[in-house]
Amino acid sequence: MLNGRVESPALTHAAAPGVGRILRIDVREGQAVVPGQRLLELDPRDFQPKVDQARGEVDELEAAIASEELRYKADLEQLAQERQLLEFAAADVGRFEQLRKENFYSQSAVDQSRQNLARQQITLRSRELAIADHKARMAQLQARLSKARANLDQAQLALQRSRVVAAFAGYVAKVDGAAGDQVN
């Protein structure tokens, strides 16, 4: 009589994709399994909130990108108006200075027109900076969106892996855990 032990070179340890509770175990020690057969399932409620949170971050950033595009388009449309207002303000200063020399306007009216010109110059410069900064803001939002999408992919993968299946045909050697146990 010959005694021995048969071992497979293919051995795997089923592991949880994160912290969660075992919802059900579908196999027992010594049971034969086939590829794709469910071995155990973790409670999806431990993983779904992370998917929802990651999806929310993606949606928020997509909305921010759409908003930035609208803002940029409006800035471009208003730039011509801002330039025209600057020309009007400059013309007012020239006109009021001439009228002041002829004693038809007070110095305070001339000073007021100069203040309006300075304000309009600041407004125009702010609009030009907003337009110039658009590309950088978009790049920043796109980078954050890429990161958020990667987080969503990871969360969805963890949720998918919360349902542990056999990678190949074989026998279950050991079951460490029971329904309701928290695993890591």
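Helices α1 and α3 cross with a left-handed sense. The model is predicted. Helix α1 spans residues 48–101, and its packing angle with α3 is about 160 degrees, with the axes 8 Å apart. Angles over 145 degrees count as roughly antiparallel, and α1 and α3 are therefore roughly antiparallel to each other.

**Contact of α1 with α3**
- By class, the residues of the contact between α1 and α3 comprise 14 nonpolar, five polar and nine charged.

**Contact of α2 with α3**
- Helix α2 covers residues 107–132 and helix α3 covers residues 134–161; the two pack at an angle of about 40 degrees, and their axes lie 4 Å apart.
- That angle makes α2 oblique to α3.
- On the α2 side, the contact involves Ala130, Ile131 and Ala132, which meet His134, Lys135 and Arg137 of α3.
- Three nonpolar, one polar and two charged residues make up the contact of α2 with α3.

**Sheet**
- Four strands form an open sheet in the order β4-β3-β1-β6, and their pairing is antiparallel.
- Strands β4 (163–165) and β6 (182–183) are the edge strands, each pairing on one side only.
- Strand β3, residues 38–42, runs antiparallel to β4 and is joined to β4 by three bridges.
- Glu41 has Arg163 in β4 as its bridge partner.

How values were computed. Residues numbered from 1 in each chain as written. Predicted model: local features only at pLDDT ≥ 70, side-chain atom pairs only at ≥ 80, totals over all residues. Heavy atoms only, no water. Axes fitted to C-alpha atoms, helices over the stretch in contact; angles between N-to-C directions. Parallel < 35°, antiparallel > 145°, perpendicular 65-115°, else oblique. Contact = heavy atoms within 4.5 Å. Nonpolar A, V, L, I, M, F, W, Y, C, P; charged D, E, K, R; others polar. Left-handed = near helix turned anticlockwise from the far one by under 90°. Pairing = 2+ DSSP bridges.
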